[in-house]
Amino acid sequence: MSQSSAETDSQTLANLSHEDRRFDPPEELAAHANVTAETYEEAKADRLAFWAEQAERISWDEPFTEVLDWSNPPFAKWYVGGTLNAAYNCVDRHVEAGHGDRVAFHWVGEPEDDTRDITYAELQDEVCKAANALAELGVGQGDRVAIYMPMIPETAIAMLATVRLGALHTVVFGGFSSDALATRVLDCETKVIITSDGGYRRGSPAALKPAVDEAVAKVEGERPGLVEHVLVVRRTGQDVEWNDDLDLWWHDVVDEASPEHTPEMFDAENPLFVMYTSGSTGKPKGIVHTTGGYLVGTSYTHWAVFDLKPDTDVYWTAADIGWITGHSYIVYGPLANGATSVMYEGTPDTPHKGRWWEIIETYGVTILYCAPTAIRTFMKWGAEIPEKFDLSSLRILGSVGEPINPEAYVWYRETIGSSRCPVMDTWWQTETGMHMISPLPGVTSGKPGSAMTAIPGVSAEVVTDEGEIVPNGSGGYLVLTEPWPSMLRTLLGDDERFKDTYWSKYAEQGWYFAGDGAKKDEDGDIWLLGRVDDVMNVSGHRLSTTEIESALVSHPKVAEAAVVGAADETTGQAVCAFVILRESALEGGEEAPDDLIEELRNHVRKEIGAIAKPRQIMIVPELPKTRSGKIMRRLLKDVAENREVGDVTTLADSTVMDLISEGVKGEK
Ligand code: PRX
């Protein structure tokens, strides 16, 4: 683990935590808020009683007999003995309660006027039909289904249909490459893949099916017969290759299926889904979430942090379902709460840069949840764009995925939130499943740049390397000191890696190590300082340096590669790669370096996906290594961020940095 990045970040961020602006909760909001200050005390007094009470928002078939079984840490069992069905909780019970006519999703396609409103009653029919169709294809409890889709209603329907059967989904972000999809299909052993011909991105149809075809071919090579069916939704109408042995049109099998389906009840700990995320080593980790605790955690936080009033709010998470944010706060949290949500297919600048604000005006969105990288992009585009729209329906704003810098926070609050809407800076992870550290809209006086404190029922601390809790005003590592309902249960097929990654550093204390640096200010409020491992955060998405390095080294012209996340004004961090070429690549000499760099950038795109494409690749003669051969990324980060190069005394060869810096200067 490199402490260096945490150190540099804490230096730069030390100044930020002297921020003295405070934004009190709006009086009106506080007067009717779902959660008040007393809740923190109640939850602290009896944490498990608090989580037992929160479980009442879920409909159980068999009641649970024990809130938490922590007898075999770190393997938690929540709501022991309880049985439930996740899809029933997200859909059917709202219809039964008389809310069938309430809109579950205002879906907005990227092409203008391509919209669809889906009520809870319609969603129930669609989910039941899809569940019947999947059951017909042999999907049952414990089976895995991969979902590789654009942002269309069928994505949520496919997820709900899968879990209705007690099967698990693994949603693979549609921007990932066929290789990334194949790796996940193989690791998760999915027998069905649900996809579409394509989706709309930046004004034109972007194909998805060809990537599935490639992935299936690759999977066939390694595990013949693993994938039994590929279910294809027709979205764009573009031509697709058809494999008669595997491929089925969604409209052929789902539309024909019966809309009646009686949900089976499953154990609270029945696995719900697997979501892959980058770790500090190459292979993505399959985070496993289970049913009862995840639903309680996501529905509670969605209700508490966004002060959700299901009868009147129009809620919008502007993220992709392919990430945990979409799972927890587009699908499970909002639907469990019977909320009305917006789901948008496309990019914020199509067909014009005011598209988000137009959507907010059209649907009267009251709660908006997005990433700082989007906010910074909007700042760059200028306040005059949102100012053209009526955003007065908004009452609460949320931020997720990376630290929000105070300027972006204040701009968001003032320009989008008319200086009226509180900003919820929510810290959490794929692993935590739900918000962990966040202000609460009716309680907290917000500080721009701070995620503030652990929410009720959650215990977070900032500790030293040795496990001492730091005093206010100091920094260290963020840990979660008590289990929480929506915690990951393990890594798919790898209990050891689960223990090693999260629980071994503070095994004695039994704390969960989050991998983030953090600081407590003089009031004890928490400021997140970024990752302390080799994980980058690009536009709020996690990428591992080693994963991109492996992708680069898999190119025949590359001998060695080192990747760092360098500060970037818009994306938070950007991928910067330093590459040593093979002798053979240098000999030819005919290729212009620019072409080669482009070729390498595209190679990473092909191997992992567009989000991993390096912003910058620098061809260097050497890489800085310690005597034990470890690459000192801290020094490369200095180069990538145009800083004076730091201490080089631990390098095996201290002149290497001169060579690199010279080469890079020459290149510019
Ligand atoms: O470094 C933290 C950062 O994102 C990481 C988790 O990434 P992922 O699992 O992809 O989930 C992103 C969406 C929940 C964390 O370890 N992070 C997330 N939210 C914040 C944040 N950093 C600072 N402030 C946040 N609000």
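Predicted model: local features only at pLDDT ≥ 70, side-chain atom pairs only at ≥ 80, totals over all residues.

Residues are numbered from 1 along each chain as its sequence is written, and side-chain values use heavy atoms, with hydrogens and water left out.

**Helix packing**

Two packed helices are described by the angle between their axes and the distance between the axes. Helices (H or I, at least four residues) and strands (E, at least two) are DSSP runs, numbered from the N terminus. Axes are lines fitted to C-alpha atoms, for helices over the stretch in contact, and angles run from 0 to 180 degrees between N-to-C directions.

| Helix pair | Angle between axes | Axis distance |
|---|---|---|
| H6 (120-136) and H7 (153-164) | roughly 60 degrees | within 8 Å |
| H5 (86-99) and H7 | about 125 degrees | 7 Å |
| H17 (545-553) and H19 (593-607) | about 115 degrees | 9 Å |

Start with H6 and H7. Their axes come within 8 Å and cross at roughly 60 degrees, which makes H6 oblique to H7. Angles under 35 degrees count as roughly parallel, over 145 as roughly antiparallel, 65 to 115 as roughly perpendicular and the rest as oblique. H6 passes H7 in a right-handed crossing. A crossing is right-handed if the near helix is turned clockwise from the far one by less than a right angle, and left-handed if anticlockwise. H6 brings Leu123, Glu126, Val127, Cys128, Ala130, Ala131 and Leu134 to the contact, and H7 brings Ile157, Leu160, Ala161, Thr162 and Arg164. Contact means heavy atoms within 4.5 Å. By class, these residues are nine nonpolar, one polar and two charged. Here Ala, Val, Leu, Ile, Met, Phe, Trp, Tyr, Cys and Pro count as nonpolar, Asp, Glu, Lys and Arg as charged, and the others, Gly among them, as polar.

H7 also packs with H5, at about 125 degrees and with the axes 7 Å apart. That makes H5 oblique to H7. Ala86, Ala87, Tyr88, Cys90, Val91 and Asp92 of H5 meet Leu160, Val163 and Arg164 of H7. The contact holds seven nonpolar, no polar and two charged residues.

H17 and H19 pack at about 115 degrees, with axes 9 Å apart. Their crossing is right-handed. Ile548, Ala551 and Leu552 of H17 touch Leu600, His603, Val604 and Glu607 of H19. Five of these residues are nonpolar, one is polar and one is charged.

**Empty space**

Rolling a probe the size of a water molecule over the atoms shows where empty space is left. On a 1 Å grid over the protein atoms alone, a cavity is a set of points where a 1.4 Å probe fits but cannot get out, and a pocket is an open set with protein on both sides within 12 Å along at least five of seven lines; lining residues have an atom within 4 Å of a point. Grid points are joined across faces, edges and corners, and a volume is the space filled by probe spheres set on the points.

How many cavities of 30 Å³ or more does the whole structure have? The search finds five. The largest cavity has a volume of about 50 Å³. Its lining includes Leu84, Asn85, Ala86, Val163, Phe266 and Thr291. By class, that lining has seven nonpolar, four polar and no charged residues.

The second largest pocket holds about 370 Å³ of space. It is lined by 17 residues, and Lys44, Ala454, Val458, Ser459 and Ala460 lie nearest its centre. Helix H3 (38-45) and strand S21 (460-463) each give two or more residues to the lining. H3 supplies the largest share, four residues. The lining divides into eight nonpolar, four polar and five charged residues.

**Backbone exceptions**

Most residues other than glycine have a negative phi, and most peptide bonds are trans. A cis peptide bond joins Pro73 and Pro74, with omega about 5 degrees. Pro74 sits in the loop between strands S1 (66-69) and S2 (77-80). Another cis bond joins Thr350 and Pro351, with omega about -5 degrees. Pro351 belongs to the loop between strand S17 (340-344) and helix H13 (355-363). Ser419 is not a glycine, yet has a positive phi of about 60 degrees. Ser419 lies in the loop between helix H15 (406-416) and strand S20 (423-426).

**His229**

His229 is found in strand S11 (229-233). Not counting residues up to four places away in sequence, His229 touches Leu137, Lys191, Val192, Ile193, Leu246 and Leu248.
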